[in-house]
Amino acid sequence: MKTPILLLDQPTAELDPKTSSELYRHLGRLNREKKVTTLVVMDKSGAVLKDAHRVLVMEAGMVKDFLPVGEYQKKYGCRKTNRRAKPIQVDERLDVIKLSGASHTYKGGITGCQPLNFSLKKGDFTAVIGQNGSGKSTMLKLIEGLVKPTSGSVELFGTPVTKKNVGELRRRIGFLFQNPDDQIFCSSVRDEISYVLKNKNLSAQQIEEKIQETLVLVGLKGLDEIHPQRLSRGQRQLLALGSVVINDPELIIADEPTSGLNSAQSQVVMEKLAHLSSQGVTILLVTHDLTEARDFANRIVVMHNHQLALEFKAEKIDNYLNELVRLELIEGGDF
Ligand SMILES: Nc1ncnc2c1ncn2[C@@H]1O[C@H](COP(=O)(O)OP(=O)(O)O)[C@@H](O)[C@H]1O
Ligand SMILES: [Mg+2]
């Protein structure tokens, strides 16, 4: 029998760090014991490097380098992000989000999240991290009004969320999903970005000004007439962000917006969020990427076992490494 070959395209893009390491350990074992040749398209975390032998670097459709892992690391270095430039101005008096003992149990009695007490102040940039299944998306669904609290209550912009006002409150929020293709539906960048302006009372000139301003903001200037399918995934995520930003949201909720993007693309998306944050937009980001959380958010909140387990200022992350190891969010004392 011929030795099988395994081909995997960013297999861990949606997994938490612990589950990613487990997958790579299994692949490493298959490779050593069963001699399975394995080709993995790496994601930005670089977690595969512990188990890989060589790295192939591609650029503009061509092979740029093919090196042993050690040499790759020497030449390309470890992953770094550029820290945000401006400090965040938080208005402690105003809660944009307030969960008071809010829990959700799915049909069949499955716990989504235990009662959560959580608030997000105006202007804050908070990152939520936690293992797969820890309840992060359920918490976002409670905030978005997509599921009802089984106990407790949810307030947005100081107003208790009800069936009647949920639509109106949601209009003040911009949502950014993991996969931009769940969000994009128009056949040109221009139509996509300006879609939400349709029902507003704006003149053609005002609409054009807003489109141009937003295209510059998300770095897609000059691409107005292009079909979104012709953009890279990173550019499509920026387009999704543009279509959110043009509506001047007071709060942006982003659920893993950089998973599936490479480091350079992630950096651009995060810089755009940081820029919006410096303009006073409140941001709630769910991410598996601790480097991103540390470098761009103001506060980090950890979910574990359907509960909020830990909360700290992003700049103090070094004081919490042992806790993060205990909660199995990092393996050693580093990430
Ligand atoms: N639609 C659903 N129906 C039933 N159970 C669900 C549903 N969505 C999530 N869950 C369960 O709720 C728990 C929390 O999931 P989720 O909030 O998606 O976690 P995370 O986003 O942190 O991965 C998990 O045990 C998950 O299986
Ligand atoms: Mg989730």
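Predicted model: local features only at pLDDT ≥ 70, side-chain atom pairs only at ≥ 80, totals over all residues.
View 1. The backbone of threonine 111 places a polar atom 3.4 Å from an oxygen atom of ligand 1. Glycine 135 also contributes through its backbone: a polar atom there lies 3.0 Å from an oxygen atom of ligand 1. Tyrosine 106 uses its side chain instead, with a polar atom 3.5 Å from a nitrogen atom of the ligand. On its own, ligand 1 has 560 Å² of accessible area, and the protein covers 64% of it.

**View 2. The residue shell around ligand 1.** The shell holds 14 residues. Coming nearest are Gly133, Gly135, Lys136, Ser137 and Thr138. By class, the shell splits into 10 polar, 2 nonpolar and 2 charged residues. Two elements, β6 (110-122) and α3 (136-144), each supply at least two of the shell residues. Helix α3 gives the most, with 4 residues.

**View 3. Two domains in one chain.** Domain 1 spans 5-76. Domain 2 is built from two segments, 123-142 and 170-326. Taken over C-alpha atoms, the domain centres are 27 Å apart. Domain 1 brings 9 residues to the contact, and domain 2 brings 15.

**View 4. The surface buried between domain 1 and domain 2.** Together the two domains bury about 860 Å². Carbon and sulfur atoms account for 44% of that area.

How values were computed. Residues numbered from 1 in each chain as written. Chains lettered and ligands numbered in written order. Heavy atoms only, no water. Near = heavy atom within 4 Å. Polar contact = N/O pair within 3.5 Å; in protein donor to acceptor, adjacent residues only side chain to side chain. Areas by Shrake-Rupley, 256 points an atom, 1.4 Å probe, with all protein chains shown as cover. Nonpolar A, V, L, I, M, F, W, Y, C, P; charged D, E, K, R; others polar. Domains from an automatic or database assignment. Contact = heavy atoms within 4.5 Å. Buried area = accessible area lost by both parts, 1.4 Å probe.
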